[in-house]
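Please look over the sequence and the structure before reading on.

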Amino acid sequence: MGRERVADIVVVVVAGVVSLSGTVTQVPVLREPYDLCVFCLLVASALSLWFRRRAPVAVAWLMALLAVILVAAVRVWPGLAPGTSMEPEITLLPGAVPFAAYAAAVFARNPRLAWPPLVLVAAIAFLGAPPSSRAVAVAGMVLILVGAPVVLGRYVVARAERARRGHHLRAEQARRQERLRLAAEIHDVVSHRVSVMVLQAGALQLTAADEASRQAAGQLRTTGCQTLGELRDLVGLLNAAGLADAASTGPLEPMPDLSGLVESARSVGTVVEVDGAEGPCLLPPVVGRTAYRVVQEALTNVHKHAPGARVRLQVRHLPAGIRVSVRNTAPTRAGDAVLASAGAGAGLLGLRRRIELINGTLRAEACADGGYRVEADLPSVLPAAGEGP
C-alpha cells in the first residue's frame with residue numbers, strides 16, 4: 001500500500017473519531033431518528049475525505065451541505081440540545097471540515113473555486129449560533145475549523161512551489177555549466193586546428209609557385225575563416241548569453257554575399273532567380289551568417305529532394321530586420337536516393353533553433369503546387385544578455 005493511501009486511511013479514521021466523539025458525549029446515539037441521521041451524516045463526511053485529493057472542491061461543497069443539514073436539524077429538534085458548555089450548532093459541525101479545508105487549499109487546481117464552500121461553512125457556523133453564544137467564541141471556533149487549515153494549506157503549497165522553482169533553477173544552472181564545458185571543449189579541439197590550417201593556407205598562398213596552387217590555397221584560407229565564424233556561432237548556441245553579448249556589442253557588417261551559393265547551385269543545373277534587397281544592409285555578424293546559412297540549407301535541400309526545380313531567392317528589408325525567402329517549384333525528375341538519404345535529416349531543426357536564439361522566426365512548409373518554401377525573418381538588433389527570445 002502506498003504512502004498516500006495510508007495517509008488517506010488515517011485522515012478518514014481521525015475525522016470520523018473527531019466527528020462522532022462529540023455526538024456520543026452529548027446524545028444517546030442511535031436511539032432517536034435524529035441521532036441516526038446525525039450519525040450517518042458525520043460518517044459520510046469522514047468517508048468523503050477519501051476523495052479529497054482527486055475532488056477537493058466537491059468535498060468542500062459536501063461539507064457545506066452537511067453543515068447546513070446539521071444546523072437545520074438542531075433547529076427542528078431544539079429540545080435535543082444537551083446543555084453543554086458549547087452550543088450544538090458548533091459542536092455538530094462535521095469534524096471533517098478542517099481536513100476538507102486543508103485539502104481544498106492544497107489540492108484544488110483552481111484555489112478560487114474552493115473559497116465559496118469554505119466561506120459558506122464559516123457563515124453557517126457563525127450565523128447559525130444562537131444569540132446566547134458569545135460572538136468571540138463562535139468566531140474563534142470558525143477560525144480553528146476553517147481559517148487555520150486554509151492558511152496552513154496555502155503555506156505548504158507556497159513552500160512546495162519555492163522548492164520546485166529552486167530545483168528548476170539548479171537544473172538550469174547544471175545544464176548551463178554543461179553547455180559552457182562543451183563550448184570550451186569545442187573551442188579547444190577545433191578552433192586551434194582550424195586556425196593553424198588558415199595560417200598554413202595563407203603561407204602557401206604567398207609561396208606557391210603556380211597560380212592554380214595560389215588560388216586553391218586562397219580558397220582554403222577563405223573556407224577556414226568561414227569555418228571559424230560558424231564555429232563561433234555554434235559555441236554561441238551552447239552559451240546563449242555569450243552570443244548575445246558578443247553580437248550586440250560588435251560592429252555591424254554588410255549582408256554576406258550570396259552570389260557564391262547561387263553560382264554553385266547554377267553550376268549543377270539548378271535554375272535560380274535572385275530578387276535581392278534594395279540597397280546595402282548592415283547587420284550583426286551572427287545575423288548575417290545565419291541568413292547565409294538559411295540560403296545554404298534551402299539550396300542544399302533543393303539539390304537533395306527537388307531535382308529539376310526552379311528556385312526563387314528573395315531578400316527583403318523589414319522595419320526591424322530582413323526577410324530571407326527561398327522557394328522552389330515541384331521537382332521535374334526523380335532524385336538520387338543515396339543523396340537524399342545522406343545526412344542526419346536535422347538541418348532545418350538546427351537552423352530553427354539557431355534562428356530562435358537571435359529572436360528570429362523560421363517557416364518551412366510545402367506549397368500547394370508541390371514545391372517548398374523556407375522563409376526566415378531575422379532581426380537587425382539583438383537582445384542584450386538575459387532578455388531571451
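The text below treats the salt bridges and then the pairing of strands.

This is a predicted model, in which local features need pLDDT of at least 70 and side-chain atom pairs count only at pLDDT 80 or more, while totals for chains, interfaces and linings use all residues. Residues are numbered from 1 along each chain as its sequence is written, and side-chain values use heavy atoms, with hydrogens and water left out.

**Salt bridges**

Side chains of opposite charge can pair when their charged atoms come close.

| Pair | N to O distance |
|---|---|
| Arg 5 and Asp 8 | 3.6 Å |
| Arg 312 and Asp 275 | 3.4 Å |
| Asp 377 and Arg 323 | 2.7 Å |

Helices (H or I, at least four residues) and strands (E, at least two) are DSSP runs, numbered from the N terminus. Arg 5 and Asp 8 both lie in helix 1 (residues 3-26), and because they are three residues apart there, about one helical turn separates them. Residues are called buried under 20% relative accessible area, exposed over 50% and partly exposed in between (1.4 Å probe, protein chains only); by this scale Arg 5 is partly exposed at 37%, whereas Asp 8 is buried at 0%.

The salt bridge between Arg 312 and Asp 275 links distant parts of the chain, since Arg 312 belongs to strand 4 (residues 310-318) and Asp 275 to strand 2 (residues 271-275), 37 residues apart. Arg 312 is partly exposed, with a relative accessible area of 31%.

Asp 377 and Arg 323 also meet in a salt bridge, and this pair connects strand 7 (residues 372-379), which holds Asp 377, with strand 5 (residues 321-328), which holds Arg 323, across 54 residues. Asp 377 is buried at 15% relative accessibility, while Arg 323 is partly exposed at 31%. Both take part in a network of salt bridges that also includes Arg 363, Glu 365, Arg 373 and Glu 375.

**Strand pairing**

Two strands pair if DSSP finds at least two bridges between them. Strand 5 runs antiparallel to strand 4, joined by eight bridges, and it is likewise antiparallel to strand 7, again with eight bridges. Strands 4 and 5 form a hairpin with two residues between them, and Leu 313 stands opposite Val 326 of strand 5. Ser 325 has Glu 375 in strand 7 as its bridge partner. Six of the eight residues of strand 5 are buried, so this strand is largely enclosed by the rest of the structure.

Definitions and conventions:
Salt bridge = Lys/Arg side-chain N within 4 Å of Asp/Glu carboxyl O.
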